[in-house]
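Reader: Can you walk me through this one? Keep it quick.

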Amino acid sequence: MTDSKYFTTTKKGEIFELKAELNSDKKEKKKEAVKKVIASMTVGKDVSALFPDVVNCMQTDNLELKKLVYLYLMNYAKSQPDMAIMAVNTFVKDCEDPNPLIRALAVRTMGCIRVDKITEYLCEPLRKCLKDEDPYVRKTAAVCVAKLHDINAQLVEDQGFLDTLKDLISDSNPMVVANAVAALSEIAESHPNSNLLDLNPQTINKLLTALNECTEWGQIFILDCLANYMPRDDRESQSICERVTPRLSHANSAVVLSAVKVLMKFMEMLPKDLDYYGTLLKKLAPPLVTLLSAEPELQYVALRNINLIVQKRPEILKHEMKVFFVKYNDPIYVKLEKLDIMIRLASQANIAQVLAELKEYATEVDVDFVRKAVRAIGRCAIKVEQSAERCVSTLLDLIQTKVNYVVQEAIVVIKDIFRKYPNKYESVIATLCENLDSLDEPEARAAMIWIVGEYAERIDNADELLESFLEGFHDESTQVQLQLLTAIVKLFLKKPTETQELVQQVLSLATQDSDNPDLRDRGYIYWRLLSTDPVAAKEVVLAEKPLISEETDLIEPTLLEELICHIGTLASVYHKPPSAFVEGSRGVQHKRIPARAGSGESAESSDVGQSGPSEAPPAVIPSQGDLLGDLLNLDLAPPTATVPSVQPSMQMGAMDLLGGGLDSLLGGDIGGSPSMGAGLGVAPAAMPTALGIAPAVGGVGMPTGSYVAPKTVWLPAMKAKGLEISGTFARRGGIIQMDLTLTNKAMSVMTDFAIQFNRNSFGLAPAGPLQVLTPLSPNQTIDVSLPLSTSGPVMKMEPLNNLQVAVKNNIDVFYFSCQYPLSLIFVEDGKMERQVFLATWKDIPNDNEAQFQIKDIHLNSDAASNKLQGSNIFTIAKRTVEGQDMLYQSVKLTNGIWVLAEMRIQTGNPNYTLSIKCRAPEVCQFVFLCYELVLKN
Amino acid sequence: MPNHPVPVPSSVLAALKNKTIHLSAAKMIHSLFLVNASGDIFLEKHWKSVVSRSVCDYFFEALERATEPENVPPVIPTPHHYLINVLRHRIYFVAVIQSEVPPLFVIEFLHRVVDTFQDYFGVCTEAAIKDNVVVVYELLEEMLDNGFPLATESNILKELIKPPTILRTVVNTITGSTNVGEQLPTGQLSVVPWRRTGVKYTNNEAYFDVIEEIDAIIDKSGSTITAEIQGVIDACVKLTGMPDLTLSFMNPRLLDDVSFHPCVRFKRWEAERILSFIPPDGNFRLLSYHVSSQNLVAIPVYVKHNISFREGSSQGRFELTLGPKQTMGKAVESVLVSSQLPRGVLNANLNPSQGTYTFDPVTKLLSWDVGKINPQKLPSLKGSMSLQAGASKPDENPTINIQFKIQQLAISGLKVNRLDMYGEKYKPFKGIKYMTKAGKFQVRT
């Protein structure tokens, strides 16, 4: 007597037989027939031909039969719209039924029939049901409004259903409130700018009350809605947090995670010295840990979110390392996520434990996991300096196992360790070289070759080793070929006498026998460099490498903030901006974490600050891609092309607009940061990736007190066929701008202006085209402000703050270089927490400390501190010892590098002493110059 | 006449644009597919428009790539949808969503579907689902409306749709009556939505099971790397009327990380550390708790092992002895040891001092059903493993997985103090049972 009998088919004319049964007089037979139809439907059989017969069964007082027919209707109404109309009358009648169950069922089903014609008939019953005396009907009707809106948005607005829905937020029944919120949220998603969910303290209070009493699903809707609210002050924020905290103990993990989202967002507003802030931090850890004992699918989503939380607030889970230890039968997707979080939580305190675990994982069976574990050891070495030695010896142990993929992975990470700690661990090179023959993966081969090239002077037989690779040069992958080329050139520059033949050989292999343009280009450039100016070649090829980032794969801060506001969503699982999850061009509002109390800036004013660059009119000037094309044309095919076409590009020197010449050569040379392996790109991983949210940099906004130097002439008219350019740099409200004055001192009109930057130390790049909309007549001057982003390609410059610029107009392309004050890239959120400051200060080796004197300043410490704050140099603490004021200050650069400073001011002494500490000591000098500049102006 | 392209009126363009917005506005759970172990879709349900089952091809691709059935990633992106799946009882429950929906929301809902099926049909298998396909369909329709969860509490569902029983099926067939409730579920809108009104029993009883699972990783040398306890209190309450219960503990401070059933009054717990609640009718989970690795967790068994291979020899040694450790004098029962031996092992020739063992030469899974541990005569499993001739020494170290049960013991030390009932006059039968089980209990070698 089971339903499986419905699946047995008779041989001939199944549909025909069903038709007969559906039209039977016997009630029982009818019901059985409908059940058979439904059964066929569930397995995907097409039974739409029975539509009229099934609809005929609808007029019944048997609730089960009615439900079954409704089920069928919902599935097939779309394909049979005309027939569906036949059902309308029964629906309308059912909406008046004395049984609330039937009223609700009818309005619910009608909403599911996605046929335009039906919607007209739906309006009246729906209106009644929204005001029904029974809350069960009201809550069903609320959802129905969302359904109707999905079918015909205009109709819903015209009929005033949205207002009725808003009224339901104040309903006495919590389930009705929850459903109204859910429906409004869904509708609001298709109207990003509408004021549908206009949250104010009163509605918030109603929601919080309903939160305690509604179902778990309703709680999720309400919490997600609360997360969009922007509390007025820290007190309101705290009171919401207090009322949301009990949700952390809910059995439904989705409720827990939504509550975590609300708390993570609102706690930003609480002053950190508040006791409650600390209490809240403590309360967040246990529920997150509990999520990890749930089913693996839940664990996975939880881990992806914990990954974000750990990046934002590592203190929450810093003592919970052990829960992330991998069990051998965890699914692979859980293992990989746990590993990632282990590295993020790794610190000096727990590194021994972490390394022991990682070593254990490296002997597991799953190859992907083992590889990632080995990589993790390398990341620990780079992250926790004290552990580097232990990590290296662990890696050497692993290399001794001779398990092929372990060895290869270990060599790749050792290369990164060499990058981070140059000249420290070369003693292991001998061991690495023993495994040369077993390397068959391009990344490992490339890494090994990089090591040999980099340390060529200390490896006696470097030439033999590299030569052995050269034999099968054409069978190697591009990555290896490029690396080999560079390594041999390095070797030649270091030991020119013995290796001339080798370098000849590789250059001819690269330039003559290869059909890979990248390889050929690099080969040619080396060749010319070596033949024209070996000194320059040395400077280029053996240049000092840029800093390697300590934390790899960090999510860029603005994206992280946005993702924190979207905890628990798909965006948070994929770590991609929420806008990526919306099909079509529907705008999505960027959610931001609210500003902390006392930061002195309301949300509105920072909005104004942000809208600046995005309001720029659409491009009238050719887009950057075209510009690059134009520049290339100009460069490579000058009208009087009497010299070989490669010549002009050589004259450009380091100025590189070929888009793949010199800098890609450098890029390959550098060996890549840990996250990128030995790839060509060299952007440190902490650089903002271009994700289309550039304007959101200045989340907090700032007073416009930053010092802007007067314009200076960068490009004299003499050198640029009559175009004179003077300019300066400014940072306004978190936006970097290059202010230019263009003067036409020539006799003819200038048009078609465009601008490009060469790669530079901090990735500065124009955020939009140069806005010179009208032609520049002779003797005319125009002021332009060009917004800059820091998401451009990176190359270390000498001096560090050097910027090489190319400006094009209808006459020619001109190059000049200028230097920007480093304060340009001091970000607004550069205020470090005291504790972190202390720890970081201690952590940075004393060798990195630089001392400076700032002379002739007549300011007291408060005035100085205010002035510096205007340029994003933040005073964290002040101490007065024996008439001497000590200011402790922090600065954060756009690429995430922190600079810490201690400024000593003695009353009556106009000379300040400044000590600067930074993990990248080369910036100290430039930070000092900023201090001087700001304090003296 | 040359064929000029006809300009499209802007109103049409606007309409077209609106169309795409319509398509993308659909929120929440769109469709559900059930897929069996052999990769066939055997049931589909659509709450909105019909999504072609070809969307599951992306799931099948992921399934093919996965080395083990449980390694299929839970969230799979496709060009127009996201697939969120859970694997339960060897059935994949694949939910289709079209835009941003909290994944945990979907996963929790799928769990609820699984629980409901199990509750209704006793088991959640392909056969059971097919046998009850109409009820399944009615349930799914009742659980979700337009993608919004509607009724997911078992108490409420059972009032709306009666679970199938052989007797009722017979009765229905004879009388022509139905298994769909005619009444609005009473709990649906009250302040205690989890409980129906008018409950009556002749025997009033309330039983509570305190069940703790130990998750632990023990290293080679026998020291604990991490150990934590997942505890639950499951209840079976059959009480007449609207009873109001309070449950107190001897040592409530153990419970600092808890998740409650919605019936528990949180404020009272915060203030007095007493569980106060009006219980749902029947079986439910009152609370679950977590005792973290930062507390000292007692480890009830120890393992002595020696699994070794010699270079150049085609034989390996295998020795394993189990013993009780911190069991507070209670017996360790239903012990089952399993281990994934290295791939190079061809066969194992072992001798158990008690129980039986099996070794699957294909999956290399060794499992030993030990039974009860007798502290006077410790169970052991000893013998040799044969390797492929000439193969090198395996480089992976097998991990030993142990399952066990200890009756009448909550290993965390949690103890119920008393259970009181208010609001009703009768005297109920009360009972508390304790049990400790191994969760993911692993010993590295």
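Author: Start with a helix pair. Helix α25 (residues 442-454) and helix α27 (residues 478-494), both of chain A, pack with their axes 8 Å apart, at an angle of about 10 degrees. Axes are lines fitted to C-alpha atoms, for helices over the stretch in contact, and angles run from 0 to 180 degrees between N-to-C directions. Helices (H or I, at least four residues) and strands (E, at least two) are DSSP runs, numbered from the N terminus.

Reader: Roughly parallel or roughly antiparallel to each other, α25(A) and α27(A)?

Author: Roughly parallel, therefore, for α25(A) and α27(A). Angles under 35 degrees count as roughly parallel, over 145 as roughly antiparallel, 65 to 115 as roughly perpendicular and the rest as oblique.

Reader: Which residues of α25(A) and α27(A) meet?

Author: From α25(A), A:I449 and A:W450 are among them; from α27(A), the residues include A:L484 and A:A487. Contact means heavy atoms within 4.5 Å. By class, the contact of α25(A) with α27(A) has seven nonpolar, three polar and five charged residues. Ala, Val, Leu, Ile, Met, Phe, Trp, Tyr, Cys and Pro count as nonpolar, Asp, Glu, Lys and Arg as charged, and the others, Gly among them, as polar.

Reader: What are the ground rules here?

Author: This is a predicted model: local features need pLDDT of at least 70, side-chain atom pairs count only at pLDDT 80 or more, and totals for chains, interfaces and linings use all residues. Residues are numbered from 1 along each chain as its sequence is written, chains are lettered from A and ligands numbered from 1 in the order in which they are written, and side-chain values use heavy atoms, with hydrogens and water left out.

Reader: What pLDDT does chain A average?

Author: Chain A averages 79, and 84% of the residues score at least 70. pLDDT is the predictor's confidence in each residue, from 0 to 100. Over residues 599-704 of chain A the pLDDT is below 50. Where pLDDT is low, the predicted coordinates should not be read in detail.

Reader: And chain B, what is its average?

Author: Chain B averages a pLDDT of 84. Residues 1-26 of chain B are below 50.

Reader: What ipTM does the predictor give the complex?

Author: An ipTM of 0.79, with a pTM of 0.68.

Reader: New topic. Which peptide bond is cis?

Author: The one from A:E798 to A:P799, with omega near -10 degrees. A:P799 is in the loop between β6 (781-789) and β7 (802-808) of chain A.

Reader: Where does A:N872 lie?

Author: In the loop between α38 (861-870) and β10 (874-881) of chain A. A:N872 is not a glycine, yet has a positive phi of about 65 degrees.
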